[in-house]
Amino acid sequence: MTEPHNRTPDPAKPAALPRWDLSALFSGKEGADFKAALQAVSTDVADFAKTYRGTLARLDGAALGGAVAQYEKISENISRIETYVELLRAADAREDAFAGKVTEKLRAATQDMLFFELEINKLSEAALMEKLASPALAHYAPWLAGVRAGREHQLSDEQEKYRHLREATAEHAWRRLFDQTMADMRFNVDGEKLTEAETLNIIDGSADPAARKRAWEAFAKGLEGNIKTFTLITNTLAGLKAAEDEQRGFKNPEDSRHLENRIAPETVEALARAVKESYADLSHKYYAWKAQKTGVARLHPADRNAPLEGAPTREIPWDEAKDIVLEAFGKLSPEMEKIGRRFFDEGWIDAEPRPGKDSGAFSHPAVPSAHPYILLNYFGTPADVMTLAHELGHGIHQVLAAQQGHLMADTPLTVAETASVFGEMLVFQSLLAQETDPVAKRAMIAGKVEDMLNTVVRQTAFYTFEQKLHNAYRENGELSAEDIGKMWRDVSRESLGAAVNTDVPGMEHLWAYIPHFIHTPFYVYAYAFGDCLVNALYDEYAKTPDKQDFAKKYEDLLSAGGSKGHEALLQPFGFDTADPNFWKKGLGVIGRYIDDLITLDRKIEAAAKAQKDFRKAGDDIVTPPADNDNRESARRPPPRAANDGKPKPPAGGGTP
């Protein structure tokens, strides 16, 4: 295990954290099963194309349903291979070349699969409705609806083939360059060469302000040293996206993501607008309070997520984190706890920080015939426990949704983030209820507020930044690092408020390490969507007297996978995401946390002041002033106070 830079290793702690076991996918990259699966792709795709190309219009519903089932089977085998090589690369950057070669082989082999969805979209609405009368095809109706949602943006067959090939040598290659650059970077912190994960762990977790600042400066300096590369990657991908958006007829750069998420652009804009209108009451208010608590006019960026001064700190062993998270899930649903336990017991988690491993965290759904895999870098901080809860929420969701089959298990991003954020909320509320120390409780609430601000305010700001960047590229062409840095600084200043010093040198480079901008443009608003939705869901859960009924409805939501849109999934809870007041309700929950935190802080400070005043009063009584001119007076005992000479405690209580 790689110990966090700012902590002393605990000799009582197990020497190693878990690494995942990928044998549910394949025995190994040289295994006969892997080679056979890769070979089967070419054979199966060729046979499928020979059987069905140009025939879909003539097939009846049952035959078309059989064709979709065969397409699903071939697609799942392809996804199994892709998942395996992606997880190999995520766990060890040295596998990148192997993963790239396999991906290229798959892309070439699957060329002859492209016709299927293209021909489905060429069917007339009347013809398709007639075929859907067959149960065999009706089973796939949600998937067909998703495919046909993009009909108006579909290109010609030849253009789609070219697009499919180009992705391997264009978008995918540039994304690989980004991943390789980040994996290879080392940041010089106090003479040690640290990985991204180790450096960020100090910035967000160290109780030493000076150590946080040094790590932040080293991180910013490392990004600056590679800023030309990151700028080139960003410009190239923005250019490729602009060209494709123009070809496909997308008016706005974010529209393709909305289509994929099956969400109306108006709903996303209502969410973004509601968050921005709440900046003053949320992030600006909180960071002003934290700056005041820290004793500074403006927080350094390294201190924005720092633990509160005096907050109890301890390293949470992995086994304890496991128990905390599973117990919280179990209170909601024994079935979810049972599923969650399998991740720990059956090797579905890779938690060990190490060089060459991806620095972030994710839960990969893999394929329904296997199971999901979770990656994180566990250093033992409370934030790491929340990350574990977040990813386990994803994983449980993915297990439940697998019953929908490969084509319909995948959930729109907006709903996918709901399960993960709800998992965090379960763990947080469980820990908060157990905590009796007001100072520790204050630290916990502050940490939760910061998580919510990072999930809602920061991710909305990221969404705004992407809109500005892609629109600027469309209008002006290639952007300089200075252009991009200014957009980033402006959006950060607007969202964080005056109490965070966004003028610190190096701040303008922090856009460069956000992987979502590279891999999944405009993904980020899904986090804000999920957090606000979870606030409403948890509020409903807390109020309802029938917890079992809520758990059943919640499990049904997760089990639906991609078979329903978010409107249908949320209907049993009575939520209307098209209503702007819905988003204000979710944001209001964050505001109440901030108000409760400030109220608790005032009580703690008042109690501390009363205690200090009480001690001072006691010292004044038992230590009389020196009187060199009256030694007898100095020897005389002090006057007895009322109440038998025992100091009277201050009003409202107080302990000496």
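This is a predicted model: local features need pLDDT of at least 70, side-chain atom pairs count only at pLDDT 80 or more; totals for chains, interfaces and linings use all residues.
Okay, let's start with the backbone. Most residues other than glycine have a negative phi. So which residues here go the other way? One is Asp190, which is not a glycine and yet has a positive phi of about 55°. You'll find Asp190 in the loop between strand S1 (187-189) and strand S2 (192-194). Ala366 is another non-glycine residue with a positive phi, again about 55°. Ala366 sits in the loop between strand S4 (362-364) and strand S5 (373-375).

Now, is Ala366 buried or exposed? It's buried: the relative accessible area of Ala366 is 11%, and the cut-off for buried is under 20%. Asp190 comes out at 43%, so we call Asp190 partly exposed.

On to the helices. Take H23, residues 525-543. How far apart should its ends be? With 19 residues at 1.5 Å a residue, helix H23 should span 27 Å, and the end C-alpha atoms are 28 Å apart, so the two values agree. H23 is also mostly covered, with 15 of its 19 residues buried.

The other helix is H26, residues 580-622, and the residue to look at there is Ile621. Ile621 has 36% relative accessibility, so this one counts as partly exposed.

Methods. Residues are numbered from 1 along each chain as its sequence is written. Side-chain values use heavy atoms; hydrogens and water are left out. Helices (H or I, at least four residues) and strands (E, at least two) are DSSP runs, numbered from the N terminus. Buried means under 20% relative accessible area, exposed over 50%, partly exposed in between (1.4 Å probe, protein chains only). The expected span of a helix is 1.5 Å times one less than its number of residues.
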